[in-house]
Amino acid sequence: MEIERKFLVNELPQNLDSYPKTRIKQWYITIKPAVRLRERDGVYTFTVKSKGHLVRQEFEMELTQEEFANLFTKVSTHAIDKTRYEISLGNGLTAELDVFLGKHKELNLVEVEFETEEAAHAFTPPAWFGEDVTQEAKYKNNNLALPL
């Protein structure tokens, strides 16, 4: 189960390069349901996510490079290319800040995962977070991967 809220970003945090970061490229075999292939620092994963916004079922498994290559022939979308920064918010919460590259280079989104729906609803975002877009399908990565 994945419980997360997603926000636009008002302003990138100071000293962004001081935070742990990783480069992520991902593609979708289908967008409904979201069936994703991801390459992150040489690790390949296959993920299926259910429909929904705040709360979704998620299944993820690691793939070998060969398995990834075999499944990649089924990809039906453009690549999502982004750098993800992991920024501690305290209280066991981490902001996953995605700075997009390529066709979405002007877009910055931040997600926070929670243990419970109650915790998600009680969360007060820091000032650098922007509008809450959790319920807006157009900001889901599977929709961002569609042709413009």
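Predicted model: local features only at pLDDT ≥ 70, side-chain atom pairs only at ≥ 80, totals over all residues.
Which residues does L16 touch, not counting residues up to four places away in sequence? L16 touches Y85, I87, L97 and V99. You'll find L16 in the loop between β1 and β2. With a relative accessible area of 14%, L16 is buried, because anything under 20% counts that way. One of the residues it touches is V99, and along the chain L16 and V99 are 83 residues apart, yet from C-alpha to C-alpha they are 11 Å apart in space.

**The nonpolar cores**

In soluble globular proteins, nonpolar side chains tend to be buried together. Here, the largest nonpolar core has 18 residues. Within this core, L97, V110, W128 and F129 have the most contacts. Strands β1, β7, β8 (93-100) and β9 each supply at least two of the core's residues, and the largest share, four residues, comes from β8.

V110 is worth a look of its own. Setting aside neighbours within four places in sequence, V110 is in contact with R5, K6, F7, L8 and V9, with A95, E96 and L97, and with W128 and F129. There is also a second, separate core of eleven residues, with L8, F100, L107 and L109 included.

**Aromatic pairs**

Next come the rings. A pair of aromatic rings is described by the distance of the centres and the angle of the planes. The model's count comes to nine aromatic pairs, and two of them are set out below.

| Pair | Centre to centre | Between the planes | Arrangement |
|---|---|---|---|
| W27 and F68 | 5.9 Å | 65° | edge-to-face |
| F123 and F129 | 6.1 Å | 50° | tilted |

W27 is buried, at a relative accessible area of 13%. F68 is buried as well, at 8%.

In the other pair, F123 counts as buried at 13% relative accessibility, and F129 counts as buried at 4%. Both belong to a cluster that ring pairs make out of F7, F114, F123, W128 and F129. Two members of that cluster, W128 and F129, have already come up among the residues with the most contacts inside the largest core.

What about open space? The largest pocket holds about 420 Å³. It is lined by 30 residues, and E2, R36, K49, E58 and E111 are the closest to its centre. Several elements give two or more residues to this lining: β1 (2-9), β2 (21-31), β3 (34-40), β4 (43-49), β6 (58-63), β7 (80-90), β9 (108-113) and α3 (141-144).

How do the residues of that lining divide into nonpolar, polar and charged? Five are nonpolar, seven are polar and 18 are charged.

The second largest pocket has about 160 Å³ of space. Its lining has 13 residues, and I31, K32, K51, K140 and N142 lie nearest its centre. This lining divides into four nonpolar, four polar and five charged residues.

Notes:
Residues numbered from 1 in each chain as written. Heavy atoms only, no water. 1 Å grid on protein atoms, 1.4 Å probe; cavity = no way out; pocket = protein on both sides within 12 Å on 5 of 7 lines; lining within 4 Å. Points joined across faces, edges and corners; volume = space filled by probe spheres on them. Nonpolar A, V, L, I, M, F, W, Y, C, P; charged D, E, K, R; others polar. Phe/Tyr/Trp six-rings, centres within 6.5 Å; stacked < 30°, edge-to-face > 60°. Buried < 20%, exposed > 50% of the residue type's maximum accessible area, 1.4 Å probe, protein only. Contact = heavy atoms within 4.5 Å. Core = buried A, V, L, I, M, F, W, Y, C linked by side-chain atoms within 4.5 Å.
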